[in-house]
Amino acid sequence: MSAPLVSMRGLGRTFVNRKGLFGARRSMRAVDDVTLDIPAGKVTGVVGESGCGKSTLARLALRLIEASSGSVTFDGTDIGSLEPAAMRQIRRRMQMVFQDPYSSLDPRYSIADCLLEPFAIQGLMPPARQRAAQVDDLLDMVGLARSVASSFPHQLSGGQKQRVGIARALALKPQFLVLDEPTASLDVSIQAQIIALLERFRDDFGLAYLFISHDLGLVRYFCDQVVVMYLGRIVEVMDRPDARPRHPYSRALLNSTFAPDPAKRRVVTPMAGEIPSPFALPPGCAFAARCPQASALCKAERPTLAESTAGGRIACHHPQD
């Protein structure tokens, strides 16, 4: 892997709320002690069930929310220590494509206004006579007709909206893009088009991606390294997309992937046990209650994420061969 563009060290985020209107305050560790490097020009995929902390991690990576602990370094700069003016400057180099294309665009803005918004926010708005050409260039880049510029979001399909979201994210020529399930709400054929578009931009512009997804099959196809999260913590990092998962949870995710070829389909065995409450995690491994290999050690002592002799990193007392 190449040198990291983004480095996370001991990153954590705790949310506090009340159980009911008059209940006691309680805390949930949405992201817990995450250490991860995102290399320049590479795609890092993050997978896991809903509620495992993927989207919170995405927002922490861009400092859209503040971390409770740890740090995020972008190109050698600790972004958590930056004042608002300096943070605004560095945001030109990091952008996000959101999961829901229907709510990520302002319905009152025309598509041209949506695409010019990053320039306005950063104080880089081109002269009036050049704005139409700038919008046309961005629409050309993502394969949309130039006539779309005068449309409003409600007049576009989901795939078209997501292309606009990608064009807007690329408007300022960033180095780092966070993609929070960018294909989740799209038809399969449109998903393939969006992934092909992202692949082309990665190759043409040398972009680094943090790609959030539920789909381990898609992540293994698209990404250079695969990060598996469970209840806020990283349980495995596979340094190659074709690496054999060794954590029982990673294997369960892989085995649940649907194979279009009937000859390659498997019998999916549902995981037994209940997911622990994120407000009251057990003292040992959070996956122990659902793991067929769990021992007394797993239930008493939380495993740390460590280098694996087979490559990558894993947090498991009994990794599978």
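Sorted by class, the lining of the second largest cavity has three nonpolar residues, three polar and one charged.

A few terms first. On a 1 Å grid over the protein atoms alone, a cavity is a set of points where a 1.4 Å probe fits but cannot get out, while a pocket is an open set with protein on both sides within 12 Å along at least five of seven lines; lining residues have an atom within 4 Å of a point. Grid points are joined across faces, edges and corners, and a volume is the space filled by probe spheres set on the points. As for classes, Ala, Val, Leu, Ile, Met, Phe, Trp, Tyr, Cys and Pro count as nonpolar, Asp, Glu, Lys and Arg as charged, and the others, Gly among them, as polar.

## What kind of model this is

You're looking at a predicted model, where local features need pLDDT of at least 70, side-chain atom pairs count only at pLDDT 80 or more, and totals for chains, interfaces and linings use all residues. Residues are numbered from 1 along each chain as its sequence is written, and side-chain values use heavy atoms, with hydrogens and water left out.

## The other cavity and the pocket

Searching the whole structure turns up two cavities of 30 Å³ or more. The largest cavity has a volume of about 90 Å³. It has 13 lining residues, and Pro248, Cys285, Cys291, Cys298 and Cys316 lie nearest its centre. Its lining holds nine nonpolar residues, four polar and no charged ones.

Then there's the largest pocket, with a volume of about 380 Å³. It is lined by 16 residues, and Arg91, Met94, Gln95, Met96 and Ile121 are the closest to its centre. Two or more residues each come from β6 (94–97), α3 (111–121) and α5. The pocket lining divides into nine nonpolar, three polar and four charged residues.

Two packed helices are described by the angle between their axes and the distance between the axes. Helices (H or I, at least four residues) and strands (E, at least two) are DSSP runs, numbered from the N terminus. Axes are lines fitted to C-alpha atoms, for helices over the stretch in contact, and angles run from 0 to 180 degrees between N-to-C directions.

Take α5 (residues 158–170) and α6 (residues 188–205): their axes come within 10 Å and cross at roughly 15°. So α5 and α6 are roughly parallel to each other (angles under 35 degrees count as roughly parallel, over 145 as roughly antiparallel, 65 to 115 as roughly perpendicular and the rest as oblique). The α5 contact residues are Gly159, Gln162, Arg163, Ile166 and Leu170, and those of α6 are Ile190, Gln193, Ile194, Leu197, Leu198 and Phe201 (contact means heavy atoms within 4.5 Å). That gives seven nonpolar, three polar and one charged residues.

The axes of α3 and α5 come within 7 Å and cross at roughly 30°, so these two are roughly parallel as well. Here Ile111, Cys114, Leu115, Glu117 and Pro118 of α3 meet Val164, Ala167 and Arg168 of α5. By class, this contact has six nonpolar, no polar and two charged residues.

## Helix α3 meets α4

Helix α3 also packs with α4 (residues 128–141), at an angle of about 100° and with the axes 10 Å apart. That makes α3 roughly perpendicular to α4. On the α3 side the contact uses Ile111, Ala112, Leu115, Leu116 and Phe119, and on the α4 side Arg131, Gln134, Val135, Leu138 and Leu139. Eight of these residues are nonpolar, one is polar and one is charged.
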